[in-house]
Amino acid sequence: MCNDGGEINRVPQDESRATLAPLVGLNDLRIRWLSMSREKIVNLVRASNPLGGAWTFFRGFYLKVWHVAPYDSACVPEAMQHGDPGTF
């Protein structure tokens with residue numbers, strides 16, 4: 001919460017309502033190309049790096065993904081701009 005001066009007001013946590021986050025499992029780190037948005041994939045990969053990286057299957061191989069960047073069509077020649085989103 002910010003006050004009118006743009007400063008953040010500290011609010012103590014109510015310890016009686018605090019909960020633990022669930023453990024992150026292997027399936028939580030799987031990239032689902034067809035159902036995840038580009039932003040969600042980028043955020044998943046960024047968040048999973050300290051945990052061992054996100055993963056997927058490609059042509060039957062288990063693949064670790066350590067870094068991704070959003071696609072910018074202005075940086076790619078038109079001849080290479082083909083295929084459906086989420087494909088290699």
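Leu 51 lies in the loop that runs between H1 and S1, where helices (H or I, at least four residues) and strands (E, at least two) are DSSP runs numbered from the N terminus. This is a predicted model, in which local features need pLDDT of at least 70 and side-chain atom pairs count only at pLDDT 80 or more, while totals for chains, interfaces and linings use all residues. Residues are numbered from 1 along each chain as its sequence is written, and side-chain values use heavy atoms, with hydrogens and water left out.

**Overall figures**

- The protein has 88 residues, of which 15% count as buried; buried means under 20% relative accessible area, exposed over 50%, and partly exposed in between (1.4 Å probe, protein chains only).
- About 7,900 Å² is the accessible surface of the protein, and carbon and sulfur atoms make up 57% of that area. Accessible areas come from the Shrake-Rupley method with a 1.4 Å probe, and for residues only the protein chains shown count as cover.
- Among contacts in the protein with a separation of 6 or more, 33% are between residues 24 or more positions apart; contact means heavy atoms within 4.5 Å.

- Leu 51 is exposed, with 52% relative accessible area.
- Not counting residues up to four places away in sequence, Leu 51 touches Val 24 and Leu 29.
- Val 24 is 27 residues from Leu 51 along the chain, and their C-alpha atoms are separated by 8.8 Å.

**Buried residues**

- Ser 48 belongs to helix H1, which covers residues 38-48.
- Ser 48 counts as buried because its relative accessibility is 1%.
- The residues that Ser 48 touches are Leu 29, Gly 53 and Ala 54, not counting residues up to four places away in sequence.
- Ile 31 sits in the segment before H1.
- A relative accessible area of 2% makes Ile 31 buried.
- Not counting residues up to four places away in sequence, Ile 31 touches several residues, including Met 36, Ile 41, Leu 44, Val 45 and Trp 55. Ala 54, Thr 56 and Val 65 are also among the contacts of Ile 31.
- Between Ile 31 and Ala 54, which are 23 residues apart along the chain, the C-alpha separation is 6.6 Å.

**The hairpin**

- Strand S1 (residues 54-58) pairs with strand S2 (residues 61-65) in the antiparallel sense, over five bridges; two strands pair if DSSP finds at least two bridges between them.
- In this pairing, Trp 55 stands opposite Lys 64 in S2, and Phe 58 has Phe 61 in S2 as its bridge partner.
- Two residues lie between S1 and S2 in the hairpin.
- Arg 59 is placed in the loop between S1 and S2, and the phi of Arg 59 is positive, near 50°, in a residue other than glycine.
- Most residues other than glycine have a negative phi.
- Arg 59 counts as exposed, at 72% relative accessibility.

**Aromatic rings**

- Rings of Phe, Tyr and Trp (its six-membered ring) pair if their centres lie within 6.5 Å; planes under 30 degrees apart count as stacked, over 60 as edge-to-face and the rest as tilted.
- This rule gives a count of three aromatic pairs. Phe 57 and Tyr 62 have ring centres 6.1 Å apart and planes at 70°, so their pair is edge-to-face.
- Trp 55, Phe 57 and Tyr 62 are linked by ring pairs into a cluster.

**A nonpolar surface patch**

- Leu 26, Phe 57 and Tyr 62 make up a nonpolar patch on the surface, and together they have about 320 Å² of accessible area.
- Patches are made of residues with over 30% relative accessible area and no salt bridge; like charges are joined within 9 Å, and nonpolar side chains (Val, Leu, Ile, Met, Phe, Trp, Tyr) within 5 Å. A salt bridge is a side-chain nitrogen of Lys or Arg within 4 Å of a carboxyl oxygen of Asp or Glu.
- Leu 26 is in the segment before H1 and is exposed, with a relative accessible area of 53%.
- Phe 57 is partly exposed at 42% relative accessible area, and Tyr 62 is partly exposed at 43%.
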